[in-house]
Amino acid sequence: MGVRSQLTQATLDLKMGFMPIITLTTDFGTVDHYVASMKGVIWTIAPEVKIADVTHDVPPQDIAHAAFVLWQVWSSFPAGTVHVAVVDPGVGSSRAILVGQYADRFVIAPDNGLITWIHRDFGGQALHAVEDSQYFLPDPSNTFHGRDIIAPVAAHLANGVSLERFGPPLKTPCLLDSLRRASCEGDALGGRVIHIDRFGNLVTNIHADQLSREEDGSQGWEVLVNGKSIGLLRKTFSDVADGESVAMIGSAGFVEVSVRNDSAAKRFAPTADTVIAIRPRRS
Amino acid sequence: MGVRSQLTQATLDLKMGFMPIITLTTDFGTVDHYVASMKGVIWTIAPEVKIADVTHDVPPQDIAHAAFVLWQVWSSFPAGTVHVAVVDPGVGSSRAILVGQYADRFVIAPDNGLITWIHRDFGGQALHAVEDSQYFLPDPSNTFHGRDIIAPVAAHLANGVSLERFGPPLKTPCLLDSLRRASCEGDALGGRVIHIDRFGNLVTNIHADQLSREEDGSQGWEVLVNGKSIGLLRKTFSDVADGESVAMIGSAGFVEVSVRNDSAAKRFAPTADTVIAIRPRRS
Amino acid sequence: MGVRSQLTQATLDLKMGFMPIITLTTDFGTVDHYVASMKGVIWTIAPEVKIADVTHDVPPQDIAHAAFVLWQVWSSFPAGTVHVAVVDPGVGSSRAILVGQYADRFVIAPDNGLITWIHRDFGGQALHAVEDSQYFLPDPSNTFHGRDIIAPVAAHLANGVSLERFGPPLKTPCLLDSLRRASCEGDALGGRVIHIDRFGNLVTNIHADQLSREEDGSQGWEVLVNGKSIGLLRKTFSDVADGESVAMIGSAGFVEVSVRNDSAAKRFAPTADTVIAIRPRRS
């Protein structure tokens, strides 16, 4: 089924009364009313939708963190899902808000790079700028577009309002240049840490697909952190002893550096300059 | 539409099978079973309600924090919503539990000041003490009224049981004297910090409505923290550079003191005695 | 109603289209996509189920903490509820995943001790190993069985697939020997701390049932922390002044050691070796 027919199916489901899920990814934290205010607005306009919290603990204004999380949950949710992301250091400025469709799901977010990974990974998108204030709350504030603009637009989208009704096409969304797959350097790949998770696992931008070529005479893939080997790429945590470093293909499809039953973030204290490399080991 | 006819409409919706939302605001945290136990009890009695977490990260026993959050989400949710708040340092003592209706939504909470802002802001309330144990779980504990009394009462209320069934009228609810709008001092307003949010923004008790009078010859409103000016009241974060202090009307309608892309809570370290004042600047 | 007829009723409800609740207890934290990925998978397979977060803030790999929380919420949820627990230091190794039924609710979890309390407390269980990959996502990862195996199995179970379809009977589940009720020592009971909650309350393994015998000439039950008395067992927090230590029967039915409006965890700093004892006080 091509992208075109998928789009049609999703639109059809919306028109036929299928009530989609709205997911929320924000840096609003959980001590204030901000997230609940968005939920209240959504359920006032679209009483039957399901709402799924993805995370509200994105580090304040960390667009790269949220972009990764948004991408990871994208396809786990059913077709027709509306993914909302609000990490918005430019709120109140002239930055646009975008509404779009990729791979049969929808996104609403400030146009500040939050869609970088999904834009690069999926094709066939339709993107519009959110401009028609009939879909906003009256008198939107300058500091809480999540409640006053993004939540009501998400709810109207879930109710079946089509993308082009919200505003004109948006041709060149803002994409973060730093969010790319690792690059080749000879027969090695030089990558970096794109996400650190709760367990202290370091997710790199070296994807399993990039390792698929056969290497004659190789004993396996050797993984190096800032030039120092941490051993061969393994299959699972139990391939090493407690407290040992290990690199594996993680659940996101990327090479991850971990410490079994401990934190790789603590052991390696990675910075933006930390290089994680992988190369065939030859005898 | 007056308050009276709104009340009637909400009652009507409940009787007609409209299943309301129950929101939860507590200081129970998220590492234990407490919140989920309440949800299980609610869904056992009222299987069709939606449950919305507002926050469970109210600082332990911080009634003022919860009172502000409860007030902020109040009207974002649809008419008929049941707002539950449990911050309850007096659990097991003789403090009452109240059930009430304000502005077409319902509240259930210990009678300890949690409703202060909504009681002062909305009229036309009906308040009852929760006393009839037929709506409780059998043999309520002395330490977890949230699960054993408040959750089942909320579920029965959502099922259409009317307020007066839960107990006798409660005439004088406990209100916190500290939770009031700022007071005038000549042509200035002297306020204080009533809420600090996740981003370190300082929400004051100076409301935009209090600034509405025209000031002849004024260049704008000057904002002072403990007597020291931080500049004129602005419209949006982008009116100042990164790292600069800024005061704006925030999304709650109050003057807020922020630092662009940083924390005002860290910069100003406000205490209960910190005075935030605002006055017309004249040349 | 015996356990047998309860089982039949639950099965019947599932077959008749009653959509159960799925609860989630994990150590995945809330900053990543892990929990939301599970929810997306569940709603893709079983679009009508309700999902209740119990906690995702189990300390990383703390099976005992999760086992206690799972047990506490077990019966608060309606019959037919599917309780999912994922704290899984052995992911990717040969540890089994179990699916079972206790007291009219279902459980899915790694077989590593998470069911210890419910297994010891409830009878009549049916337990199976999860082995049939037709109920998994295609190509499960080695590091995220929560998304790839446990979430889809939970959703299929909610859809009415019966236990025996997932795999062969599992006769001897892994149980943690440390999770037991306190033992008698003469006329005293010697217990330990099995859970520390958000407020710093210390939940012991001394259950109220164990105190039910009459003690001639006793003035009440005296509670001792590492041999030092903290007074008699009380009914409620308000029996002591602010800042005083107090022991009560907590909402879980166990003796709890607290400090009124403060943290017993801070005051007593309990370790695995801390002994909480209770004995009749005689004049």
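Between chain B and chain C, the rule finds 0 salt bridges. By that I mean a side-chain nitrogen of Lys or Arg within 4 Å of a carboxyl oxygen of Asp or Glu.

Ground rules, quickly. This is a predicted model, where local features need pLDDT of at least 70 and side-chain atom pairs count only at pLDDT 80 or more, while totals for chains, interfaces and linings use all residues. Residues are numbered from 1 along each chain as its sequence is written, chains are lettered from A and ligands numbered from 1 in the order in which they are written, and side-chain values use heavy atoms, with hydrogens and water left out.

Back to chain B and chain C. The rule finds 15 residue pairs in polar contact across this interface, both residues at pLDDT 80 or more. A polar contact is a pair of N or O atoms within 3.5 Å; within protein, one must be able to donate a hydrogen and the other to accept it, and residues adjacent in sequence count only if both atoms are side-chain atoms. On the chain B side, helix α2, residues 34–45, gives the most, with 8 residues. Helices (H or I, at least four residues) and strands (E, at least two) are DSSP runs, numbered from the N terminus.

How much area is buried between chain B and chain C? About 2,500 Å², with carbon and sulfur atoms giving 53%. That is accessible area (1.4 Å probe) lost on putting the two parts together, summed over both. In chain B, Val31(B), His33(B) and Trp43(B) lose the most area to chain C, together 23% of what that side buries.

Now chain C and chain A. They bury about 2,500 Å² between them, 53% of it on carbon and sulfur atoms. In chain C, Val31(C), His33(C) and Trp43(C) lose the most area to chain A, together 23% of that side's buried area. The salt bridge count here is 0. Polar contacts come to 15 residue pairs, both at pLDDT 80 or more. The largest share of the chain C side, 8 residues, comes from α2(C).

Last, the sheet in chain C. It is open, with 6 strands in the order β2-β1-β3-β5-β4-β6 and mixed pairing. Strands pair if DSSP finds at least two bridges between them. The edges are β2 (50–55) and β6 (126–129), each pairing on one side only. Strand β4 (97–102) meets β6(C) antiparallel, over 4 bridges. Within that pairing, Leu98(C) has Ala129(C) as its bridge partner.
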